[in-house]
Amino acid sequence: DLERLGTLADLDRLLHDQAVDHVLFFPPANRPEELRAALASCEELGIAASFSVSLAQLSRATPRMASIQAHPFVSFEVNPKGAASLAIKYGLDPVLAAVLLLLLSPVLIVVSVAILVTMGRPVLFAQTRAGLHGRGFRMLKFRSMVAGAETQQKELEAANEMTGPVFKIKDDPRVTPLGRFIRKTSLDELPQLLNVLTGSMSLVGPRPLPVSEQGQIRGWQRRRLSMKPGITGLWQVSGRSNLDFEEWMQLDLKYVEEWSLTLDLMLLLRTIPVVLFGRGAH
């Protein structure tokens, strides 16, 4: 009853254009040695690939066995994360987000009122961003630009200062005076605690890009989507706007490959001075 999306030859395109969590190979297309290109596509993007095998054919050289829906598979995963550690990370996220929302509620109220008084409605800006494995979600921020700012972006394309498919201008004319202040202090990011509370984001992870920009990223750089996006991460504490696109992607990949609970804690602690002193933020 499953929808047919294409043939094996279409796999590379599907992995880029669809939100894919896991690829399962069934007979007769279940021999890793004969499907090097397909397996390489999964490996490049950080998507787990599992090959259906007969238990009678198992050997000690099997990379990893997994049981999915009572069916045995051999799985190949890039930088496999410990299930227990990931459970702790994603279990703590909503708890810490709820605590922070409670503690920061006076700040949230003050910023909301300031936006209403100086810019009017809406207070929040919601945009569809690419989440885990490219799955879209509505990311929230305090509004820092004039109304209808997104419709003005095409007119400013020539002034884009960021390499790659990302759009960024240091002195964006659409940003209001209050918007500049809340951006420099990262107060505009606080509503994303609601995204963490609902599970679409983590406190720490690669920065989520707009779906239109993420869709232009191909190859190994897309592996950044193999972990939940975060409010803060290596890019945010390493200079943000002072880094070019290639450096940004390398930092995201470094986070994915070296992730640990200790790294998350270190990045959370390093985020505090970045917020206080506004380093690399606009």
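Author: Aspartate 17 is partly exposed, at a relative accessible area of 46%. Its partner is arginine 218, and the two side chains meet in a salt bridge, 3.7 Å from N to O. This pair links distant parts of the chain. Aspartate 17 sits in helix α1, residues 11-17. Arginine 218 lies in the loop between α7 (211-214) and β8 (230-232), and the two residues are 201 apart. Arginine 218 also counts as partly exposed, at 43% relative accessibility.

The model is a predicted one. In total it holds 13 salt bridges.

Now take another pair. Glutamate 189 forms a salt bridge with arginine 207, with the closest N and O atoms 2.7 Å apart. Here too the pair links distant parts of the chain, 18 residues apart. Glutamate 189 is in the loop between α5 and α6 (192-198). Arginine 207 is in the loop between β7 (202-204) and α7. Are these two buried or exposed? Glutamate 189 has a relative accessible area of 12%, so it is buried, as that is under 20%. Arginine 207 is buried as well, at 8%.

Glutamate 34 is exposed, at 56%. Arginine 31 is partly exposed, at 40%.

Next comes helix α5, residues 177-184. Which of its residues are buried? They are Leu178, Gly179, Ile182 and Arg183. Why do they belong together? They cover an arc of only 130 degrees around the axis, so they lie on the same side of α5. The general rule is that an α-helix has 3.6 residues a turn, so residues three or four places apart point the same way. What covers the buried residues of α5 includes α4 (105-118) and β6 (136-142). After α5 comes serine 186, whose phi is positive, near 65 degrees.

Last, the setting. The protein has 10 helices and eight strands. Of its 282 residues, 44% count as buried. It has 31 positive and 28 negative side chains, and the centres of the two sets lie 5 Å apart. Among contacts between residues at least 6 apart in sequence, 68% join residues at least 24 apart.

Notes:
Residues are numbered from 1 along each chain as its sequence is written. This is a predicted model: local features need pLDDT of at least 70, side-chain atom pairs count only at pLDDT 80 or more; totals for chains, interfaces and linings use all residues. Side-chain values use heavy atoms; hydrogens and water are left out. Helices (H or I, at least four residues) and strands (E, at least two) are DSSP runs, numbered from the N terminus. Buried means under 20% relative accessible area, exposed over 50%, partly exposed in between (1.4 Å probe, protein chains only). Contact means heavy atoms within 4.5 Å. Lys and Arg count as positive and Asp and Glu as negative; His and the chain ends are not counted. The place of a charge is taken as NZ of Lys, CZ of Arg, CG of Asp or CD of Glu. The arc is that of the directions from the helix axis to the C-beta atoms. A salt bridge is a side-chain nitrogen of Lys or Arg within 4 Å of a carboxyl oxygen of Asp or Glu.
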